[in-house]
Amino acid sequence: MSLVANIIVDVPALQTNKPYTYIIPEVLTDVIQPGMRVVVPFGKGSRKVQGFVVEIKEQTATEIKLKAIESLMDSYPVLTMELLQLGEFLAYQTFSFQIKCYQTMLPAVMRAKYSKKIKIIDEIPETLLWDIFKGKDELSWEEAERQNVLTDLIQLEKEDKVEIDYDVKDKAVVKKIKKIKPALSFEAYEEIREYLRSNAKKQKLFIDILQSMDSETSLSYAELKAFGVTPSTIRSGLEKNWCDVFHEEIYRDPFASSTFEKTRPLPLNQDQAHAFSKIYQTIKEDEHDVFLLQGVTGSGKTEVYLQTIKEVIDKGEGALMLVPEIALTPQMVQRFKSRFGDEVAVLHSGLSNGEKYDEWRKIEKEEAKVVVGARSSIFAPIKNIGIIIIDEEHETSYKQEEFPKYHARDVAIWRGEYHKCPVVLGSATPSLESRARATKGVYSLLELKHRVNDYPMPAVDVIDMREEAKRGNHSMFSEALLTGLKKRIDKQEQSVLLLNRRGFSSFVMCRDCGFVLECPNCDISQTLHMDTRTMKCHYCGHEESIPKKCPKCDSRSIRYYGTGTQKVEKELNELLIDASIIRMDVDTTRKKGSHEKLLNRFANKEANILLGTQMIAKGLDYPDVTLVGVINADTALGLPDFRSAEKTFQLLTQVSGRSGRGEKEGQVIIQSYNPEHYAIQYAKQHDYDSFYKREMHLRHLSEYSPYYYLLKISVSHENEMTAAKKIRQYTDFIRPSLSEKAIILGPTPKSIARTHNRYHFQVLIKYKQEKELTEKIHQLLTETQKEQARGTFISIDYQPLDFI
DNA sequence: AGCACGCCGACT
DNA sequence: GTCGGCGTGCTC
């Protein structure tokens, strides 16, 4: 019996979301393994597509004639059996295509690049041969399109004069450098030196170097250059067979220029020691457990992570540490590199694709045992995981917004179970879901109640902005905040100012007629972008110039609205003449590395105020920051999102922790229009537990998470009536399979009812336990395939984080 | 996704 | 009478 392979092909469609069976050519039988990428012929024209081998088995009696695998793209499996299995599970759970899941697990460069070529296989008309093919025997598809000869060529293909050649290319390129090795003995070099002309100084130098090397050592061209040996000298040396040249695979090292001083473990306080020993126990006994490590800012969670990771490494296993993208600062990386040196691989969006691939290979080859990275690092190819840590577990960025819409926390727990290792969720302000599970005993709660140095939590003042307005202060700054800022400037201390941008955008409105510039395709207002001096739609990318006068009433009083960081900066500069401000927002941090640069400048005290949006709330640790101001604490509170109080509480608590990290006492000023709101009041008192109780009570009353799970079905269509009709139909399809406990909300039009010229509707299903729901949704997707092809788009979001 | 097959309108 | 439109269905 011959062997066949089950392969998931790179054709992201519902009908092809299943394994296809291919014959394994004899030459590949000994090398092919599950987890390898392959090139296979697919479909009528047998175009070549990339695929993943998921299974190898004996061929069973089958009527369909199988095609054979074209070639292998890897010499080793790039996905382990674990990841293959995880991908299958994720596809089902998140209603995504399996191929998408596998592609998400791997660096972008490993995604195939496809190209089509036209090859001449028989005589073709002379004119075509010379004008189009220019005498060569092949032509790229794009070139044929450009020359407008595709129809002619397709005709020729039917006559078997030319053929269409499909090419699958791997974008993954291993970087190599040229190195040289001595080829002769010590004595031989001695002899050569004798015969060198006295003015051949460069050559003599080269001989000296070669002579000092033994056969085990090698030098790169760059290293030789540093000694003063130029490429031309090397070339002549090679010609005379003084040395040999070879290529060595290297890693692009994004931290090449940084040095890391080795740090030692710090002594743990009682809370930390307790947490450590609980986690250590599961490591030692190869047990899976989920811990919620809840510790106030400054309570030393990171030290607990570092020491548990150390144990895992000593045991010969790997560690996985997830950090939100914006918290993945050089400071953070430094702490890990300093403790574990080269054993750390870092994955984040700031790396080039090549760099990401190299970090991935380091992990795959088990050269790096510790992986620190953002969301997608949860798929790091560690073969033997000893611990998975998710820091700031409440962060919403752990949920991917595109397909596959996975939550890193769920994937972590899946992998933790697979590897029988602990999963640690760390946060100062855990998500209600996690804390509720810990309270129920599903997770083990570990608390760090004290700050490491016993510094007190900073004093938080909440300023009622309505009172300020009553007193005639209509600026964005309360008197208290302004006085506070002045005081810091005088004392040469630093301040951080946070602008809560959630629910805000700068738009253009006419003061005379109230006209707001909207996107022509979508029902939302366009946003002002000062950097490009244009108006942009955030949904479809539509762009137009800023209107100088109102398009409706021709009035010139068309003004910009919204509280942008630029506006705050401008006002601040006017109010505080001697303030030096570093502004950090999407505009100033767009360029690669600029984020770090700005933070470094602030750390070097080149400015006394750091002004920014959410991105400054994380992980910054500057001893000279003694004042943190929140300009608008409650902009998010008004949003129709059941998590808005939770998010506000988390944000305020987090920024509060940024103040007074050093020996100097810190102060926090929160400006608000509803200061009595419990999210603000409990944040002021640093009281998570009370917030938790109050919020849980509300969630219970309103029947939301964590009491209920959520599933969102979105339907869109060009025609508003069709979209409305379809979603009602689909809801009716699901309804009978639900138990009485499930609650259906909607269907309703989405808050942004129209984008890309399509109308959107959604329905939310709240449920506690619905065994059949997932299966029923899959049924819905399968049965509506035709309608989907005809323009009714359905999208399912399992446990959505946003639904406004 | 992409390609072929199939059944209805404007062309030599 | 044919060329070609894109609706429909299948891909190991």
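## Basis of the model

This is a predicted model, in which local features need pLDDT of at least 70, side-chain atom pairs count only at pLDDT 80 or more, and totals for chains, interfaces and linings use all residues. Residues are numbered from 1 along each chain as its sequence is written, chains are lettered from A and ligands numbered from 1 in the order in which they are written, and side-chain values use heavy atoms, leaving out hydrogens and water.

## Domains

Chain A splits into domain 1 (3–111), domain 2 (114–168), domain 3 (270–452), domain 4 (459–505 + 562–699) and domain 5 (709–798). These bounds come from an automatic or database domain assignment. Between the C-alpha centres of domain 2 and domain 5 the distance is 46 Å.

## The surface near DNA strand C

DNA strand C is surrounded by 14 residues. The closest are T21, F42, G43, K67 and R790. Of the DNA strand C atoms within 4 Å of the protein, sugar and phosphate make up 45%. A residue counts as near when one of its heavy atoms lies within 4 Å of the strand. By class, the surface holds six nonpolar, four polar and four charged residues. Here Ala, Val, Leu, Ile, Met, Phe, Trp, Tyr, Cys and Pro are nonpolar, Asp, Glu, Lys and Arg are charged, and the others, Gly among them, are polar.

Strand 2 (20–23) and strand 3 (37–42) each supply at least two residues of this surface. Strand 2 gives the most, with three. Strands are DSSP runs (E, at least two residues), numbered from the N terminus.

## Phosphate contacts

## Strand 20

Strand 20 (residues 494–498) is mostly covered, with five of its five residues buried. Buried means under 20% relative accessible area (1.4 Å probe, protein chains only). Q494, V496 and L498 point one way, while S495 and L497 point the other way.

Strand 20 has parallel partners in strand 28 (residues 625–630) and strand 27 (residues 609–612). Two strands pair if DSSP finds at least two bridges between them. Five bridges link strand 20 to strand 28, where L498 has V630 as its bridge partner. Four bridges link strand 20 to strand 27, where V496 stands opposite L610.

Methods: Buried < 20%, exposed > 50% of the residue type's maximum accessible area, 1.4 Å probe, protein only.
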